[in-house]
Amino acid sequence: MVSGNWDSEWKRQQGEKGGGSRGGALAGLLAGVKGAIGGSALTRGCCSVLRREAGGAPTGLSMLEAGCGTSNIAVVMAGEKARCFQFDISDTALEISKETFRKVSLEACLIKGDLFRMPFEDASFDIVWNVGVLEHFPKDLQDSALREMVRVCRPKGRVVTFNPYARGYIYRAGKWLAEKTGRWTIGYEVPVKTLRPNLKRIDPALKVHEYSFGFLLQFLVFKHLIRKNRAALAVYSALYEAVNLVLAPLNRLPGFLLVTVIERER
Ligand SMILES: C[S@@+](CC[C@H](N)C(=O)[O-])C[C@H]1O[C@@H](n2cnc3c(N)ncnc32)[C@H](O)[C@@H]1O
């Protein structure tokens, strides 16, 4: 899914959620529990990385999410008093994001636009980040997006990008299976081994730090195999979240996501 098909993907996912059927009650209960414990395992994992890279709670920091989708992670940052700017090309993603913030009575600045030509001045934000965006683009477009993300981040700020990791073999096996059985709906998605060569092409003076986490988070991919069976999906989701909660330290091991942290010196 290289560009504009995201709007229909978000609409499809909204359609699958709505309508009430078997599994609906369990899914509703799970959503309540996730709300009470700081979001899904994926959200909690990404939030703790963002806090670490921000040097603590993001209070008062301006944070741009470039390709925000649902804004499930940003809303946690907003709850910790970050100033969140939610940017996406899809109207449906921005509507979902608006609802994500409305549900917890918080506000975000929602902006529609293209990652490759962001409508912001240079050095506008303390932190520029995204999760699961760059892997949907070939290398030349990844370079363009990263160049823009670095441009709008202030010197000494951080660009933090999370992408599925090429050495996350469980995730890759699940993705392969979903593709082989015609159940993969996301389209183009190529896991990332490293973004260092991209960043060298952009500016060799950038400081880059990379690491992976989310060993258990890799099992998220198996939802693609059962997504049409709402009852099975609800049970699997509940089990997945419970196992991720109880065995949380396993997520410190490399797995689902590669985190690339970029610092501009000037
Ligand atoms: C996998 S989703 C990100 C999901 C998000 N991390 C979340 O928690 O929901 C990728 C997002 O990037 C957005 N996107 C894709 N191409 C874009 C572009 N050229 N400019 C801005 N956003 C774009 C899509 O609309 C989509 O919402």
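**View 1. Helices H2 and H10 pack against each other in this predicted model.** Helix H2, which spans residues 24-36, packs with helix H10, which covers residues 230-246, at an angle of about 25°, and the axes of the two helices lie 8 Å apart. Because angles under 35 degrees count as roughly parallel, H2 is described as roughly parallel to H10. The crossing in which H2 passes H10 is left-handed.

**View 2. Residues that form the contact of H2 with H10.** From H2, the residues Gly24, Leu26, Ala27, Leu30 and Lys34 take part, and in H10 they meet Arg230, Ala234, Val235, Ser237, Ala238 and Glu241. Sorted by class, the residues of this contact comprise six that are nonpolar, two that are polar and three that are charged.

**View 3. Helices H1 and H5 cross.** The axis of helix H1, made of residues 6-17, and that of helix H5, made of residues 91-103, come within 7 Å of each other and cross at roughly 45°. The two helices, H1 and H5, are therefore oblique to each other. On the H1 side the contact is made by Trp6, Asp7, Trp10 and Lys11, while on the H5 side it is made by Asp91, Thr92, Ala93 and Ile96. The contact of H1 with H5 has four nonpolar residues, one polar residue and three charged residues.

**View 4. The residues around the ligand.** The ligand has 17 residues around it, and those that come nearest are Trp6, Gly67, Gly69, Thr70 and Leu115. Trp6, named here among the nearest residues, is also one of the H1 residues in the contact with H5. When the shell around the ligand is divided by class, eight of its residues are nonpolar, seven are polar and two are charged.

**View 5. The protein that holds these details, with its ten helices and seven strands.** The radius of gyration of the protein is 18 Å, close to the 18 Å that the globule rule gives for 266 residues, so the protein is as compact as a globular protein of that length. Taken along the principal axes, the box filled by the C-alpha atoms is roughly 55 × 40 × 35 Å.

Note on methods. Residues are numbered from 1 along each chain as its sequence is written. This is a predicted model: local features need pLDDT of at least 70, side-chain atom pairs count only at pLDDT 80 or more; totals for chains, interfaces and linings use all residues. A residue is near a molecule or strand if its C-beta atom, placed from the backbone, lies within 6 Å of it. Ala, Val, Leu, Ile, Met, Phe, Trp, Tyr, Cys and Pro count as nonpolar, Asp, Glu, Lys and Arg as charged, and the others, Gly among them, as polar. Axes are lines fitted to C-alpha atoms, for helices over the stretch in contact, and angles run from 0 to 180 degrees between N-to-C directions. Helices (H or I, at least four residues) and strands (E, at least two) are DSSP runs, numbered from the N terminus. Angles under 35 degrees count as roughly parallel, over 145 as roughly antiparallel, 65 to 115 as roughly perpendicular and the rest as oblique. A crossing is left-handed if the near helix is turned anticlockwise from the far one by less than a right angle, and right-handed if clockwise. Two residues are in contact if their C-beta atoms, placed from the backbone, lie within 7 Å. The radius of gyration is taken over C-alpha atoms; the globule rule is 2.2 Å times the number of residues to the power 0.38.
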